[in-house]
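Dear colleague,

Please find the structure below, followed by a short account of what was found in it.

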Amino acid sequence: MKFLPNALSVLRILLAPLTCWLIWTGSFQNASLVILAAALTDGLDGFLARKLGVQSRTGEVLDPIADKIFAGSAFLTLTLHHHIEAWVAAIILGRDLTILTVAGAVLVSADTPRRFPPSIMGKASTGVQCAYGLSLMGTLGHAVPEVITEVFKGATVVITIWSGIDYAKRVTLE
């Protein structure tokens, strides 16, 4: 059982290509199901790690990487297929690439291991990005009014920028 939280993170990574293919082929209802499953595994892996007492350094690193691979590949596919504007994807992908680059550089150059615990803003960013993705799938599948997706897009942009600023503050203060 102690491997289950990390297995859920790996599952999210493995679901990324499937999600991209579903988006690319216009299977938006199925893509929304996979996005929902990925979002649930994201919450479940952390919950199980705490509940089972199996929190690990591997899980601490693997979970956010899985999130970034899953969301980044989905938003990149949506951009390449002209379902979202490039500037929206640039904000989301730019923040994630910056976080990965800075965290990697700090981990490599630090004399002692440095932890990067998740912040409330990072969790909010992930949550709103999932909601935006699900709403967009619904809009593309003609089940969700476009105005709702536009609200989620705006929230995603604002919270993603805000969480990036929060992350930058946390890195420079520690």
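A contact here means heavy atoms within 4.5 Å. On that basis, residues 24 or more positions apart account for 78% of the contacts in the chain with a separation of 6 or more.

This is a predicted model, in which local features need pLDDT of at least 70 and side-chain atom pairs count only at pLDDT 80 or more, while totals for chains, interfaces and linings use all residues. Residues are numbered from 1 along each chain as its sequence is written, and side-chain values use heavy atoms, leaving out hydrogens and water.

The chain has 6 helices and 0 strands (DSSP runs numbered from the N terminus: helices are H or I, at least four residues; strands are E, at least two). Of its 174 residues, 39% count as buried (under 20% relative accessible area; exposed is over 50%, partly exposed in between; 1.4 Å probe, protein chains only).

A search of the whole structure finds 7 salt bridges, each a side-chain nitrogen of Lys or Arg within 4 Å of a carboxyl oxygen of Asp or Glu. Asp63 forms one with Arg12, with the closest N and O atoms 2.6 Å apart. This pair links helix 3 (residues 57-80), which holds Asp63, to helix 1 (residues 4-24), which holds Arg12. Arg12 also meets Asp67 in a salt bridge at 3.0 Å, N to O, and both of these residues are buried. Arg12, Asp42, Asp45, Asp63 and Asp67 are linked in a network of salt bridges.

In helix 6 (residues 146-173), Lys153 and Glu150 are 3 residues apart, and their side chains form a salt bridge at 3.1 Å, N to O. Lys153 is buried, whereas Glu150 is partly exposed.

Yours sincerely
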